[in-house]
Amino acid sequence: MPAPSAPAPAPQTTVKPAAPAPVAPAPSAPPPITKKPATPPPLKSAPPAPPARAAGEAGGKTAPSAAKTPAPAPLDLKELKQELKDTKAIGIFSKITLKNQMDDLLGRLRKYHQGQPNPPLTDLRRSYELLVMKVQSLVQDDDKKLASDIAASREAIWALLADPKKFATLEVS
């Protein structure tokens, strides 16, 4: 008898093993958080800076600064007006335009101080800041001293303009 035949083996397909996937490094633990003091300890070697005086005190000059190079003393409006007239950094037509804009701002401030509520002081401050920036941009390259004086005087002049009593004593024409 013939031997029973074994079933024919099924054709085998070869499967290539997939390349191992790159293993991401295990996330490291975040560095420990250390608490810092809420306020740094005060320096004992430097004395506190003296407070700046108001613009109306001592002729509008501020107290000397404790910095290595003291900031220039703020200009008053008369000095600023004269400096702007004398500078070569601004052309004649620009000077005329600036004078008209300054006169307009002073007129609006005068009306405000006389009780007219519009425009509000915040709008007048914005107009003042824009005018100061315009002047500084005109002089910054050719008259660095004047640009520095204007920057140092910015807040002191606004304090004069915003205060009704100080504004009433101004002699700017």
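In what order do the elements of the protein run from the N terminus on? They run α-α-α-α-α, and the secondary structure comes to 5 helices and 0 strands. Helices (H or I, at least four residues) and strands (E, at least two) are DSSP runs, numbered from the N terminus. This is a predicted model, in which local features need pLDDT of at least 70 and side-chain atom pairs count only at pLDDT 80 or more, while totals for chains, interfaces and linings use all residues. Residues are numbered from 1 along each chain as its sequence is written, and side-chain values use heavy atoms, with hydrogens and water left out.

**Overall burial and contacts**

- Of the 173 residues in the protein, 21% are buried; buried means under 20% relative accessible area, exposed means over 50%, and partly exposed lies in between, with a 1.4 Å probe and protein chains only.
- Among the contacts with a separation of 6 or more, 58% come from residues 24 or more positions apart, where contact means heavy atoms within 4.5 Å.

- Helix α1 spans residues 77–86, and its buried residues are Leu77, Leu80 and Leu84.
- These residues cover an arc of only 60 degrees around the axis, so they lie on the same side of α1; the arc is that of the directions from the helix axis to the C-beta atoms.
- An α-helix has 3.6 residues a turn, so residues three or four places apart point the same way.
- The buried residues of α1 pack against α2, α3 and α4.
- Lys78 and Lys85 are exposed on the other side of α1.

**The contact of α2 with α4**

- The axes of α2 and α4 come within 10 Å and cross at roughly 45 degrees; axes are lines fitted to C-alpha atoms, for helices over the stretch in contact, and angles run from 0 to 180 degrees between N-to-C directions.
- On the α2 side, the contact is made by Leu106, Leu109 and His113, and on the α4 side by Trp158, Leu161 and Ala162.
- The residues of this contact divide into 5 nonpolar, 1 polar and no charged; Ala, Val, Leu, Ile, Met, Phe, Trp, Tyr, Cys and Pro count as nonpolar, Asp, Glu, Lys and Arg as charged, and the others, Gly among them, as polar.

**The aromatic pair**

- The count comes to 1 aromatic pair, under the rule that rings of Phe, Tyr and Trp (its six-membered ring) pair if their centres lie within 6.5 Å.
- The ring centres of Tyr128 and Trp158 are 5.2 Å apart and their planes stand at 35 degrees, so the pair is tilted; planes under 30 degrees apart count as stacked, over 60 as edge-to-face and the rest as tilted.
- Tyr128 belongs to helix α3 and Trp158 to helix α4 (residues 144–162), so the pair ties together parts that are 30 residues apart in sequence.
- Both Tyr128 and Trp158 are buried.

- Arg154 lies in helix α4 and counts as buried because its relative accessibility is 17%.
- Apart from its neighbours within four places in sequence, Arg154 is in contact with Tyr128, Glu129, Val132, Met133 and Gln136.
- Leu146, also placed in helix α4, is buried, with a relative accessible area of 0%.
- The C-alpha atoms of Leu146 and Glu83 are 7.2 Å apart in space, although the two are 63 residues apart in sequence.
- Ser127 is found in helix α3 and counts as partly exposed because its relative accessibility is 24%.
- Leaving aside neighbours within four places in sequence, Ser127 is in contact with Leu105 and Arg108.

- Pro119 lies in the loop between α2 (92–113) and α3 (121–139).
- The peptide bond from Asn118 to Pro119 is cis, with omega near 0 degrees.
- Most peptide bonds are trans.
- Leu170 lies in the segment after α5 (164–169) and counts as partly exposed, at 24% relative accessibility.
- Leaving aside neighbours within four places in sequence, Leu170 is in contact with Leu77, Leu160 and Leu161.
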